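Subject: Structure for your files

Hello,

Please find the structure below, with notes on what was found in it. Could you read the notes with the model open?

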Amino acid sequence: MTTAPVLLYHSVSDDPPNWLAPYTVPPHTFRAHLDRIQDAGLSVVPLARLVAALHGGPPLPARCAVLTFDDGYADFYWTVAPILSDRGLPATVYLTTGAVHAPGALPGGSLLPPTPMLNWRQVATLDALGLEIGGHSRTHLPLDTARPDRLRQEVVDSKHELEDALGHPATAFAYPHGYHSPAVRHAVARAGWTSAAAVGNALSSTVDDPLRICRLMVMRTTPARTFEDWTHLRATRTGPLHDSAATLAWRTYRRLRARLGSPVGGPPRQ
C-alpha cells in the first residue's frame with residue numbers, strides 16, 4: 001500500500017480578510033512547504049493520478065504528494081499559479097461556482113463572505129495552463145444537511161456550470177467544509193463526478209475511498225514540525241476512514257439546526 005499526503009490549502013496571501021486568515025498561508029510559507037516536499041523526496045503528482053490508482057489504474061510512485069486548493073480565491077491566479085508554474089508542479093483547484101464571476105463583476109452567488117474570487121476568464125487561463133479545475137458545489141452549502149432537491153442543485157448544477165465554461169468534462173469534486181454522508185456521496189457519484197475529496201486530516205493511500213479522499217488541511221498555525229511529519233508520511237491516520245460516533249452526532253446536530261433555520265456556520269434559511 002502506498003500512502004501519500006493530499007494537502008488542502010485555501011488561500012495563499014499576505015493580506016487575507018480576518019475571517020479567512022486562519023485558513024491562509026503567506027506566499028513565503030507556501031514556497032517553504034514546496035521546498036520541504038522536495039527535500040523529503042516526494043514527487044508532486046496530479047490528483048488524477050491518485051484517482052486513477054484508486055480506480056484500479058497504474059500504481060502511484062512510491063513517494064508522492066498531491067496539492068489541492070478549495071473555494072477558488074483570486075490569489076490562486078495571482079500568487080499560487082505562478083509559483084507552481086515556475087516549479088512545473090500540478091495542482092487541483094476546487095471552485096465554488098456561484099462565487100466565480102464575469103470579469104469586472106462582483107461575486108455574489110455563494111455563502112462565502114465577500115473576498116476577491118476567481119473570474120471565469122482566469123479559470124479558463126488556469127485550465128489552459130494544465131491545472132485541474134474541480135467542483136466545490138454552487139454555494140458552499142454543507143451538503144450533508146441539504147434537502148434532496150437542494151443537494152442535486154449543488155452537485156449537478158455546479159458540474160454543468162464548470163463544464164459549460166471549460167468546454168470539457170470536470171470530474172473532481174470536493175465537499176464544502178469536508179462534510180459528506182452516504183446520501184451525499186451517492187448524489188456526487190450519480191452526477192458523474194469520479195472522485196470527491198473530503199478532509200479527515202489523514203494521509204491518503206492506494207486503498208482510500210475515491211469518494212472520500214483523505215486530505216491534510218494546511219492552516220496558518222500548522223507547525224513546521226507537523227508539516228515535516230506529513231511529508232515524511234508520519235501522520236497518525238491513513239485512509240480510508242469511516243464515520244466515528246462523534247462525526248455522526250455532529251451531523252445530526254447540524255441537520256437539526258438547519259431544519260430550524262439557523263444552520264451552524266451559515267446564514268438563516270430564506
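**Strand E12 and its partners**

Strands E2 (residues 6–9) and E12 are paired in the parallel sense, over two bridges. Two strands count as paired if DSSP finds at least two bridges between them, and helices (H or I, at least four residues) and strands (E, at least two) are DSSP runs, numbered from the N terminus. Within this pairing, Leu7 is placed opposite Leu216 in E12. E12 also runs parallel to strand E10 (residues 195–200), to which two bridges join it. There, Gly200 stands opposite Arg215 in E12.

Before going further, note that this is a predicted model: local features need pLDDT of at least 70, side-chain atom pairs count only at pLDDT 80 or more, and totals for chains, interfaces and linings use all residues. Residues are numbered from 1 along each chain as its sequence is written, and side-chain values use heavy atoms, with hydrogens and water left out.

Strand E12 covers residues 213–217 and is mostly covered, with five of its five residues buried. Buried means under 20% relative accessible area, exposed over 50%, and partly exposed in between (1.4 Å probe, protein chains only). Ile213, Arg215 and Met217 point one way from E12, while Cys214 and Leu216 point the other way; all are buried.

**Aromatic rings**

The structure holds nine aromatic pairs. Rings of Phe, Tyr and Trp (its six-membered ring) pair if their centres lie within 6.5 Å; planes under 30 degrees apart count as stacked, over 60 as edge-to-face and the rest as tilted.

One of the pairs is Phe69 with Phe76, which is edge-to-face, at 5.0 Å centre to centre and 65 degrees between the planes. Phe69 counts as buried because its relative accessibility is 1%, and Phe76 is buried as well, with a relative accessible area of 2%. The rings of Phe227 and Trp230 have planes at 55 degrees and centres 6.0 Å apart, so this pair is tilted. Both Phe227 and Trp230 lie in helix H7 (residues 224–231), three residues apart, or about one turn of the helix. Phe227 is buried at 1% relative accessibility, and Trp230 is buried at 9%.

Phe69 and Phe76 also belong to one aromatic cluster, together with Tyr9 and Phe30.

Elsewhere, Lys159 lies over the face of Trp193, at 5.4 Å from the ring centre. A charge sits over a ring if NZ of Lys or CZ of Arg is within 6 Å of the ring centre and within 35 degrees of the ring normal.

**Backbone points to check**

Which residues does the cis peptide bond join? The bond joins Gly239 and Pro240, and omega is about 10 degrees. Pro240 is in the loop between H7 and helix H8 (245–259).

Two residues other than glycine have positive phi, and each can be looked up as follows.

- Asp71 has phi near 90 degrees. Asp71 is found in strand E6 (residues 64–71) and is buried, with a relative accessible area of 4%.
- Ser137 has a phi of about 80 degrees. Ser137 is in the loop between strand E8 (132–135) and helix H5 (148–166), and counts as buried at 0% relative accessibility.

Regards
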